Amino acid sequence: MNILAPVRRDRVLAELPQCLRKEAALHVRKDFHPRVTCACQEHRTGTVGFKISKVIVVGDLSVGKTCLINRFCKDTFDKNYKATIGVDFEMERFEVLGIPFSLQLWDTAGQERFKCIASTYYRGAQAIIIVFNLNAVASLEHTKQWLADALKENDPSNVLLFLTPAQYALMEKDALKVAQEIKAEYWAVSSLTGENVREFFFRVAALTFEANVLAELEKSGARRIGDVVSIDSDDSNLYLTASKKKPACCR
Ligand SMILES: Nc1nc2c(ncn2[C@@H]2O[C@H](COP(=O)(O)OP(=O)(O)OP(=O)(O)O)[C@@H](O)[C@H]2O)c(=O)[nH]1
């Protein structure tokens, strides 16, 4: 029995969504990694289609975390502030290169008194979205602390980072600098108008999917006895690959 809702037609990704700013991007490749494309074509993505990947959204109070998630998942915007108490989450189902892929988007509380509840949900994140408000200088300064707290519960080499001002204003230069320092991909979005919100979450889904498929290939490759395992460097990412005979598209 399939208990998951079917993938909505507007959640289908046939191509890799591009980054917003090349100077602060996780990678700038035009297409998915060739091994990922090849694995999807051959339906060699293992458990990726059945897994649910966790994405946590952190940042100061009232910077717009809930609004960002609600704009993408429900296409709504509420101008009245209601503090998140502890955590909340939304499920989003995608289809990436023909493979189903699910993201669980965790909205966490920014208020100090709820932070200890929220932080117990940080573990197991595959992507971290740090939201700040371009109108509030302190919220940008606090991004590094939010990152440090989130990384205490996660393996830093295994998470994708995104830095997102939820409201347009000044200070973009400073924000880009911080994104580069913490190696996060920068996305300016507006939950009020919806600008870049869909593009942003598609990019999060695509890069998380790509990382999952590569990890799955690495696992199955490493399991095969006799395979020669080598390290490939591709842009800023390292991929562990088994160098056994592969179809041309996988090389
Ligand atoms: N103009 C504008 N206002 C926004 C935007 N995003 C959020 N807001 C406003 O900012 C306030 C806080 O938004 P929330 O999404 O509730 O903030 P939060 O980060 O989830 O807050 P906590 O739950 O306390 O951590 C609300 O009054 C929103 O209407 C935006 O893109 N533009």
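User: What does "buried" mean when we talk about a residue?

Analyst: A residue is buried if 20 or more other C-beta atoms lie within 10 Å of its own. Keep in mind that this is a predicted model. Here, buried residues make up 37% of the 251 residues in the protein.

User: Which residues of helix α1 are buried?

Analyst: Helix α1 covers residues 34-41, and its buried residues are R35, V36 and A39. They lie on the same side of α1, because the arc they cover around the axis is only 100 degrees. Just after this helix comes H43, with a positive phi of about 55 degrees.

User: How many helices and strands does the protein have?

Analyst: There are seven helices and nine strands.

User: Now I'd like to understand the core. Which residues touch the most other members of the largest nonpolar core?

Analyst: Good topic! Nonpolar side chains tend to be buried together in soluble globular proteins. In this structure the largest nonpolar core has 63 residues, and those touching the most other members are V55, V57, I128, I130 and A205. Helix α7 (residues 197-223) gives the most to this core, namely 13 residues.

User: What surrounds the ligand?

Analyst: The ligand is surrounded by 22 residues, and G64, T66, C67, T84 and G110 are the closest. Sorted by class, this shell holds eight nonpolar, 11 polar and three charged residues.

User: Let's take T84. Why does T84 count as partly exposed?

Analyst: Count its neighbours: T84 has 19 C-beta neighbours inside 10 Å, so T84 counts as partly exposed. Being buried would take 20 or more. T84 sits in the loop between α2 (65-74) and β3 (87-96). Beyond its neighbours within four places in sequence, T84 is in contact with T66, D107, T108 and A109.

User: How should I read the confidence scores?

Analyst: Start with the average and then look at the parts. The protein averages a pLDDT of 85, and 84% of the residues score at least 70. Among the elements, strand β1 (residues 12-13) has the highest mean pLDDT, 97, while strand β9 (residues 237-242) has the lowest, 29. Over residues 223-251 pLDDT stays under 50, and the model has 38 contacts beyond four places in sequence for these residues.

User: What ipTM and pTM does the complex get?

Analyst: The predictor gives the complex an ipTM of 0.98 and a pTM of 0.87.

Note on methods: Residues are numbered from 1 along each chain as its sequence is written. This is a predicted model: local features need pLDDT of at least 70, side-chain atom pairs count only at pLDDT 80 or more; totals for chains, interfaces and linings use all residues. A residue is near a molecule or strand if its C-beta atom, placed from the backbone, lies within 6 Å of it. Ala, Val, Leu, Ile, Met, Phe, Trp, Tyr, Cys and Pro count as nonpolar, Asp, Glu, Lys and Arg as charged, and the others, Gly among them, as polar. Helices (H or I, at least four residues) and strands (E, at least two) are DSSP runs, numbered from the N terminus. A residue is buried if 20 or more other C-beta atoms lie within 10 Å of its own, exposed if 12 or fewer, and partly exposed in between; C-beta atoms are placed from the backbone. Two residues are in contact if their C-beta atoms, placed from the backbone, lie within 7 Å. The arc is that of the directions from the helix axis to the C-beta atoms. A nonpolar core is a set of buried Ala, Val, Leu, Ile, Met, Phe, Trp, Tyr and Cys residues joined through C-beta atoms within 7 Å. pLDDT is the predictor's confidence in each residue, from 0 to 100.
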